[in-house]
Amino acid sequence: MFSFYNLENLFDTLDDPKVMDDDFTPGGLYQWDKARYEEKIERLAQAIRSTGDKYGYGPPDILGVCEAENHRVLTDLVSHELLRTFRYGIIHRDGPDERGIDVAFLYRKASFSPVSMTWHPLLLRNEERFREFTRDQLVVHGYLDGLPVYVLINHWPSRRGGELRSRPYRIAAAELNLEILDSIRAISPEPVVIAMGDFNDNPTDYAFRKVLRVRKDSDGIKAIDLYNPMAALFKKGMGSLAYRDSWSLFDQIYVSGNLVTGSNPLRFWKAGIHDPAFLTQKRGRFKGYPFRSFTSGRYTGGYSDHFPVYA
């Protein structure tokens, strides 16, 4: 099982002068002390551990994450007693994002053996032609139960300033995905690819429809096509995060067509949103939303403002 989870500002309590983490310190805006940090780690470990419960599975074999400050917080996460026995490996490096939040790749060592990993910078410039520093796109090549796969981990630029104004940034991110896919296909003509992330776009948005040209249905799909099983969930009104009573499905997993056609021993089965009751806000104006760590600047002790997704 593959999963992706936006960890919602998983910062440690230390002040790193290289990144914008002042709010997440004991004396900062969010009074981010050891007790709150440890509760956050436990909450996230609980969410990850439970991802496969519906199907009688354990936690994901492969887990992509975003909004992690550094290697230390990821080590604390996979070392928690709820996850420790599953022996997760970590692939991460500090990226260029100005907030100091990174993508990372976690894998159960019994299921996946990494061969190589590459970080691809997304080079953006704003309207004044100044560099916009954002997250790298991580590609990991390895063997899942002995079969070769390529996994792309994404956290595309946000909608800050509005969807239309920020859209060119996500178009550039989609174009970088295409460049990466072309480079993989130059090595392996029909690779098994699983791309996951917080794309800050829905399955129906321009970057998916017009740039990546990801298929929304599997009828007549070819091995070299891209298929997005999350599109059907979004059509039903489902989402991984909510804002002003509107659901979005920014957290997605899309796959290469050969996982659908039957031309590969690995087969796509289904995709879903992991939204059990304990991950959901129980009361108040945000009832039914993901139960997050902070609401309107107030500490609520939840998990994340996103639900995990899986395939």
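**Spaces, rings and contacts**

Trainee: How do the residues of the lining of the largest cavity divide into nonpolar, polar and charged?
Mentor: This is a predicted model, in which residues are numbered from 1 along each chain as its sequence is written, local features need pLDDT of at least 70 and side-chain atom pairs pLDDT 80 or more, while totals for chains, interfaces and linings use all residues. Side-chain values use heavy atoms, with hydrogens and water left out. The lining, made of residues with an atom within 4 Å of a grid point, includes Asp 97, Asp 102, Trp 119 and Arg 135. With Ala, Val, Leu, Ile, Met, Phe, Trp, Tyr, Cys and Pro as nonpolar, Asp, Glu, Lys and Arg as charged and the others, Gly among them, as polar, the division is four nonpolar, one polar and five charged.

Trainee: How many cavities of 30 Å³ or more does a search of the whole structure find?
Mentor: A cavity is a set of points on a 1 Å grid over the protein atoms alone where a 1.4 Å probe fits but cannot get out, and its volume is the space filled by probe spheres set on points joined across faces, edges and corners. The search finds two.

Trainee: How much space lies in the second largest pocket?
Mentor: A pocket is an open set of points with protein on both sides within 12 Å along at least five of seven lines. In this one, Met 1, Phe 2, Arg 267, Trp 269 and Ala 311 lie nearest the centre among 18 lining residues, and the lining has 14 nonpolar, no polar and four charged residues. Its space is about 410 Å³.

Trainee: What is the angle between the planes of Tyr 107 and Phe 112?
Mentor: Rings of Phe, Tyr and Trp (its six-membered ring) pair if their centres lie within 6.5 Å, with planes under 30 degrees apart counted as stacked, over 60 as edge-to-face and the rest as tilted, and this rule gives 24 aromatic pairs. Tyr 107 and Phe 112 form an edge-to-face pair at 5.8 Å centre to centre, and the angle is 65 degrees.

Trainee: How many residues apart are Tyr 227 and Phe 268?
Mentor: Tyr 227 and Phe 268 also form an edge-to-face pair, with 5.8 Å centre to centre and 75 degrees between the planes. Tyr 227 lies in strand β11 (residues 226–227) and Phe 268 in the loop between α6 (258–261) and β15 (272–273), helices (H or I, at least four residues) and strands (E, at least two) being DSSP runs numbered from the N terminus. This pair links distant parts of the chain, 41 residues apart.

Trainee: Which side chain does a polar contact of 2.9 Å join to that of His 274?
Mentor: His 274 lies in the loop between β15 and β16 (294–295). His 274 counts as buried because its relative accessibility is 9%, where buried means under 20%, exposed over 50% and partly exposed in between (1.4 Å probe, protein chains only). A polar contact is a pair of N or O atoms within 3.5 Å, within protein one able to donate a hydrogen and the other to accept it, residues adjacent in sequence counting only if both are side-chain atoms; here the partner is Ser 50.
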